[in-house]
Amino acid sequence: MKNDLWYKDAVFYQISVRAYKDSNGDGHGDLRGVTQKLDYLQTLGVDCIWIMPIYPSPLNDDGYDIADYYAVDKTYGALDDLKELIQSAHERDIRIVMDLVLNHTSDEHPWFQASRSDRNSPYRDYYVWSDTDKKYTDARIIFVDTEPSNWTLDEKTGQYYWHRFYASQPDLNFDNPKVQEEMLNVARFWLDLGIDGFRADAVPYLIEREGSNCENLPETHIYLKKLRSFLDEHYPGRILLCEANQYPEDVRPYFGDGDEFHMGFHFPIMPRIYMALKKGRYEDMAEIMRRTPTIPENCQWCTFLRNHDELTLEMVTPEERQWMWEQYAPEPRMKLNMGIRRRFAPLLDNDRRKMELANSILFTLPGSPIIYYGDEIGMGDNLDLFDRNGVRTPMQWDNTPNAGFSTGTPFSELVKGELGYQQINVASQINDPNSYFHTIKRMIAVRKKHTAFGGSSMEWVETGNPAVAVYIRQHSDETMLIFNNLSASAETVNLPDKYQKTTVDLFADHTQTLSEKLTLQPYSYLWLQMPK
């Protein structure tokens, strides 16, 4: 595991520890439960697990409201359990990254408790306080469904404190050098335990300035470069993954000159994959990929189809957002904030052809893909649950009571109906060589075999048919020609002369000689290797 650029070719897998596997019957998933399932993850073929927050927390925001940066919440186990997980994962050549929440803490964190206890507290300046709630009025409100303002009055001290998310998540003051140093200490603590890096949460919002929208400010980048140089100096080979829900040209500065983040999520491609599937045209994907700037050679995008949050529609136009809501959130309860609170399989009508096609796009576009736990078997959601909890239900391991997740009463109601654990579970799919799980496993294996997919170059091929996304992926001496038919009907493309050659079909393991015309079945895909 000595390759410092390992992340460029890696397949990631996102785990909510609470929802994954309960090892002790208390109804909550835990670190030992994840350790017990490492063989399964190795079978799937993932290279790196991203575990969501495991810090002590009142759980107003699923652990992103941290009450102690230096401990594991006892629900999930102890530090020794994390060490065992890291060691067991590394023995299987699986790395582990965890969340580093820089921007804010819980209002129950001792720093904030001290900060609000007294205006003269040494911790007062760890947070952003003001006599008025009229500062930084150009900053948008992110949780529009729940928060009327980014300021909340603290009655005890008579001042307002600043928060970009829930009022129970006060923002840290990164203009304070002590805060900056404190967060380096937090990073050091977990890296010393053997963690392979961090997904850094909500990084655009670290600094506030009057007259700005308080996002992506130069001072924010100064601190993030400091964090990166700290990693490079003391922990080479560990990574920082940037969560910045922005257009690609606005994320580009977070890579710096290869001296800031190693990786950055490509948020805007995600909704456009769903647009393309619904419209049966690839132009929205092509447009956003064409405006995606080149990034330094030691950097990589991170792509995904779904995650633990709503399917965000912040990075589309208001008209596109409305259209996406009409198409994918026909019931009002399916909407949340600026997005859609549904899981991958129900979004695509549990249509295996569409689900496979979406993954074909994910695994062949530039960037390292992240799979959200359960999506590899087509798990459903539970819209009866509050807010985002509907997509954070227990993993469905088998068809025994509680889905094989726990011998106790699960912390959450399970998925019901046709996508419930009785029909959709790991055990039944592993035993069926033709299952959806085995298709995803095969895609991962093929992707990992070919360096072309780890590169950052991409070239669209014009075929005269807007229903079929055709593109070239090339890196070192490998060239792949990819076809994705987004239409519900068979579609024919016209291929330029230079592609009319004998190719290798990466899934069928036989050659295919391309002529001027090629017809693809509805929602089908082809991954072809061009001759050298």
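## Strands 5 and 6

Strand 5 and strand 6 (residues 159-162) run antiparallel and are joined by four bridges. Strands here are DSSP runs of E with at least two residues, helices are runs of H or I with at least four, and both are numbered from the N terminus. Two strands count as paired if DSSP finds at least two bridges between them. Across from Leu-153 you'll find Tyr-160 in strand 6.

This is a predicted model, so local features need pLDDT of at least 70, side-chain atom pairs count only at pLDDT 80 or more, and totals for chains, interfaces and linings use all residues. Residue numbers start from 1 along each chain as its sequence is written, and side-chain values use heavy atoms, with hydrogens and water left out.

## The sheet around them

Zoom out a bit, and three strands make an open antiparallel sheet in the order 4-6-5. Strand 4 (129-130) and strand 5 (151-154) stand at the edges with a single partner strand each, so one side of each has no neighbour in the sheet.

## Positive phi in two loops

Asp-62 isn't a glycine, yet its phi is positive, near 50°. Asp-62 lies in the loop between strand 2 (48-51) and helix 4 (79-91). Is Asp-62 buried or exposed? Asp-62 is buried, at 16% relative accessible area; buried means under 20%, exposed over 50% and partly exposed in between, with a 1.4 Å probe and protein chains only.

Tyr-523 also has a positive phi near 50° without being a glycine. Its loop runs between strand 21 (517-520) and strand 22 (525-529). Tyr-523 is buried, with a relative accessible area of 9%.
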